[in-house]
Amino acid sequence: MSTITARYAGQLRTEATHAGSGNSILTDAPTDNQGRGEAFSPTDLVCAALGSCMMTIMGIVAERHSLDLTSTTWDTTKHMLSDPRRIGQIDLTFRLPAALPQKERDLLERAAKTCPVALSLNPEIKQQVQFLYE
């Protein structure tokens with residue numbers, strides 16, 4: 001059984017539906033690549049997946065160690081290359097609670113960098129990850 005079904009909606013837009021929940025995601029080609037830019041682009045989703053995966057793995061570790069990360073936020077910046085057009089670098093800046101002790105910080109940072117998406121991306125894509133404790 002597939003986990004995602006998808007369709008091309010025309011005008012460089014796609015709609016993917018998660019089989020288990022019925023939730024859908026739209027994508028548009030970006031404006032600099034003939035698209036409308038009204039939704040995430042496929043490469044935006046790659047970057048969002050990296051940040052979400054890192055946060056999910058940190059969340060699993062945090063729950064295991066009774067740490068509260070509910071106030072954690074992160075920003076993602078995508079750097080595109082051309083010839084061929086592709087993601088060259090993904091910058092992530094996580095903002096975590098300042099009260100976390102150094103031992104737990106090290107544990108969370110290691111966990112984030114070994115998330116399945118991070119390990120699945122082509123090694124030519126630079127992953128710049130910064131952890132700020134505020």
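Select strand S2, residues 13-18, together with S3. The two pair in the antiparallel sense over five bridges. Strands here are DSSP runs of E with at least two residues, numbered from the N terminus. Two strands pair if DSSP finds at least two bridges between them.

A word on the model before you go on. It is predicted: local features need pLDDT of at least 70, side-chain atom pairs count only at pLDDT 80 or more, and totals for chains, interfaces and linings use all residues. Residues are numbered from 1 along each chain as its sequence is written, and side-chain values use heavy atoms, with hydrogens and water left out.

**Stop 1: across the sheet**

Now pick Thr-17; Ser-24 in S3 stands opposite.

S1 and S2 pair in the antiparallel sense over six bridges. Now you have the open sheet of three strands, in the order S1-S2-S3. Its edge strands are S1 (4-10) and S3 (24-28), and each pairs on one side only. On average, neighbouring strands are turned by 20° against each other, direction ignored. The angle is taken between lines fitted to C-alpha atoms, on a scale from 0 to 180 degrees between N-to-C directions.

Strands of a sheet pair through backbone hydrogen bonds.

**Stop 2: the turns**

Select Gln-11. This residue lies in the turn of the S1 and S2 hairpin, which has two residues between the strands, and has a positive phi of about 50°. Next, select Gly-22. S2 and S3 form a hairpin with five residues between them, and Gly-22 in that turn has a positive phi of about 85°.

**Stop 3: Thr-27**

Go to Thr-27 in strand S3. Is Thr-27 buried or exposed? Thr-27 counts as buried because its relative accessibility is 7%; the cut-offs are under 20% for buried and over 50% for exposed, with partly exposed in between (1.4 Å probe, protein chains only).

Show side chains. A polar contact of 2.4 Å joins Thr-27 and Thr-14. Such a contact is a pair of N or O atoms within 3.5 Å; within protein, one must be able to donate a hydrogen and the other to accept it, and residues adjacent in sequence count only if both atoms are side-chain atoms. Leaving aside residues up to four places away in sequence, Thr-27 also touches others, including Phe-40, Pro-42 and Leu-45. Contact means heavy atoms within 4.5 Å.

**Stop 4: the cysteines**

Select Cys-53. Its sulfur is 3.2 Å from the closest cysteine sulfur, in Cys-115, too far for a bond. A disulfide needs two cysteine sulfur atoms within 2.5 Å. The structure holds zero disulfides.

Definitions and conventions:
Helix = DSSP H or I, 4+ residues; strand = E, 2+ residues; numbered from the N terminus.
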